[in-house]
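Welcome! Keep the view open as you read.

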Amino acid sequence: KMAAATGAGAAAAAAAGLWSEVNRCGQNGDFARALKSVNKILQINKDDVTALQCKVVCLIQNGNFKEALGVINTHTKVLTSDIIAFEKAYCEYRLNRIESALKTIQSASQQTDKLKELYGQVLYRLERYDDCLAAYRDLIRNSQDEYEEERKTNLSAVVAAQSTWEKVVPEDLGLREATYELCYNSACALIGQGKLNEAMKKLQKAEELCRQSLSEDSDVTEEDIEAELAIIHGQMAYIMQLQGRTEDALQLYNQIIKLKPTDVGLLAVIANNIITINKDQNVFDSKKKVKLTNAEGVEHKLSKKQLQAIEFNKALLAMYTNQADQCRKLSASLQSQSPEHLLPVLIQAAQLCREKQHAKAVGLLQDFADQHPANAAEIKLTMAQLKIAQGSVTKACMILRSIEELQHKPGMVSALVTMYSHEEDIDSAIEVFTQAIQWYQQFQASQTRGANPKSPVHLSLIREAANFKLKHGRKKEAISDLEELWKQNPKDVHTLAQLISAYSLVDPEKAKVLSKHLPSSDTMSLKVDVDALENSHGATYVRKKAGKLTGDNQQKEQGQGEVKKKKKKKKGKLPKNYDPKVTPDPERWLPMRERSYYRGRKKGKKKDQVGKGTQGLSTTGSSELDASRIASSPPTSPRPGSGAAVSATSNVIPPRHQKPAGAPATKKKQQQKKKKGAKGGW
């Protein structure tokens, strides 16, 4: 018994010393050394709850989240959820097991402030922005410590995410934008609302605050400041891209990439935006940039919509680089993830069109429209575009008319009428007008409980229909539309004039009756300041051009008419070899080929002169060029291509071997010039 008591006392003394070491290391931040002491304590008592908790904390501080979670799961009997709930949830959060972290937090019996803070972070990662906003508001309201500024920053980040991804108009939280993080989040919220100029000013303010804040620390270098500003500059470049300033945006994007920031999410977004600027151009650069979007951990840094946009652009890039199988694979994967989304099926259809399989592309779009009626309108518009590209305008019109929610829209009516007119199908074009007018008439009647006032769009359609019918000679059909317009506005003189014009060809008596409604010339006279009109720029120009006419000139103009100045004709120049005794060729104005005496060019003229031998060698036989033989031989008739060719080409410069007369003198002259111009060549 004495020995046992002595051993227990020694162990307790050793444990006390180890605990002192753990406490000292913890205060100094040396958690690696503290972990060694905790392990020694656990060797003495493996189920010591405090020691296990300290071990988990040391592992978390050293970044060993997986090992810490393993310790918690191994000692579940000792480390219950009430004791270790925050540490377990935090490890799961850092290991990107967000759903598990949420369950751990919700299963905790007591919701401490630490758990509430972590709960807000988890909700943000799960993109449950409404719940996250409520959680941070509760924290700010019920907490008073040194972390209030960080909570406000997180709150503004939630509002910015709502504005950007859910298109929710953010409410004014009344946050004082004293830090660059708050300014940045405020700018993101403004971008979501489309207020790009205001957002740019906020980002410029955020950049200024960031520089001021970091320059106060002497240990921070300029490179560190630029690295911190990278995300602000990236958002500036995004605004430039949205504003159409693609060159400026591209330059700023490339500057950020050269800095090699450690944030893989930022690099992925910038690379994706550069790819969207390149489109189907500069594909080699896009293939390099797309590698940045595949970095490890990117999926945990970006929102679902950002990741989806990157995958869409990968599929489009595969299509532009003629990687058909890769494009189909990516678009099929996207369609399985979001079956109701339009882009995957549109990319597949575009790839089929590149492969000249237009019918298959239309069939694919038709199947999608049948399965997803909510998105049928946009799909059918694409189908119509494909039909137009194939030259099937009538089929395209049929597809467009099947879109019930758009068939009465003025833009759709205009497109259909234009297409039918191109096909010279006037009856179908008029039918489109009639159906649209009837739809608006029924809609107005249902809205006004039987009353029949015409909306501006309705009246505009009636007028366009009347003008179209008048243009294509459908006077009788146009009359009813014009009468309806005049009935709505009896003071419309233009409509009345059109109506009288139409009736004049159909019912002249009716036209006379209607003409009585035209206003008199007195009432139609315009109040015009004649002096101001005469002194205007146009009137002055006309007056100067016409010139001032005196009374005598006016009488002369009335009696004799205007005397025109006669232009003095220049005497034509005659050719140098002009002979007045010789009658000029009457066909001299015609091209040579069209003249009656043209016999065509003699073929083979030059071919007989120059052969395949050494340069300058003549094809004519040497005997023919020998003067002695020519003198002794009897004269013969010239063969075509030999003697006649020589005489015909007597003015042409002969080859080098045939030296013309005067060649030695020329050569001597050239030598003299060369000698004179040479300076110190020897």
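**A first look**

I239 counts as buried, because its relative accessibility is 0%, and buried means under 20%. Please keep in mind that this is a predicted model.

**Around I239**

- To find I239, look in helix α12, which covers residues 222-242.
- Which residues does I239 touch, leaving aside its neighbours within four places in sequence? The contacts are I191, L196, A199, M200 and L203.
- N197 makes a handy landmark: 42 residues separate it from I239 along the chain, while their C-alpha atoms are 8.4 Å apart.

**Helices α3 and α4**

- Helix α3 spans residues 49-61 and helix α4 spans residues 65-74.
- Their axes lie 8 Å apart, and the two helices pack at an angle of about 165°.
- Angles over 145 degrees count as roughly antiparallel, so α3 and α4 are roughly antiparallel to each other.
- The crossing of α3 past α4 is left-handed.
- On the α3 side, the residues that meet α4 are L52, K55, V56, L59 and I60; their partners in α4 are F65, E67, A68, V71 and I72.
- Sorted by class, this contact between α3 and α4 holds 8 nonpolar residues, 2 charged ones and no polar ones.

**Helices α8 and α9**

- Next come helix α8 (residues 129-142) and helix α9 (residues 148-165), whose axes cross at roughly 160° and come within 10 Å.
- That angle makes α8 roughly antiparallel to α9.
- Here, too, you can look for the handedness: α8 and α9 cross in a left-handed way.
- The residues of α8 that take part include Y129, L133, Y136 and I140, and those of α9 include L155, V158, V159 and W165.
- The contact of α8 with α9 is made up of 11 nonpolar, 2 polar and 4 charged residues.

**Two lysines with positive phi**

- Most residues other than glycine have a negative phi.
- K167 has a positive phi, near 55°, and is found in the loop between α9 and α10.
- Is K167 buried or exposed? K167 counts as exposed, because its relative accessibility is 60%.
- K356 also has a positive phi, near 65°.
- Look for K356 in the loop between α18 (342-354) and α19 (358-371).
- With 67% relative accessibility, K356 counts as exposed.

How values were computed:
Residues are numbered from 1 along each chain as its sequence is written. This is a predicted model: local features need pLDDT of at least 70, side-chain atom pairs count only at pLDDT 80 or more; totals for chains, interfaces and linings use all residues. Side-chain values use heavy atoms; hydrogens and water are left out. Helices (H or I, at least four residues) and strands (E, at least two) are DSSP runs, numbered from the N terminus. Buried means under 20% relative accessible area, exposed over 50%, partly exposed in between (1.4 Å probe, protein chains only). Contact means heavy atoms within 4.5 Å. Axes are lines fitted to C-alpha atoms, for helices over the stretch in contact, and angles run from 0 to 180 degrees between N-to-C directions. Angles under 35 degrees count as roughly parallel, over 145 as roughly antiparallel, 65 to 115 as roughly perpendicular and the rest as oblique. A crossing is left-handed if the near helix is turned anticlockwise from the far one by less than a right angle, and right-handed if clockwise. Ala, Val, Leu, Ile, Met, Phe, Trp, Tyr, Cys and Pro count as nonpolar, Asp, Glu, Lys and Arg as charged, and the others, Gly among them, as polar.
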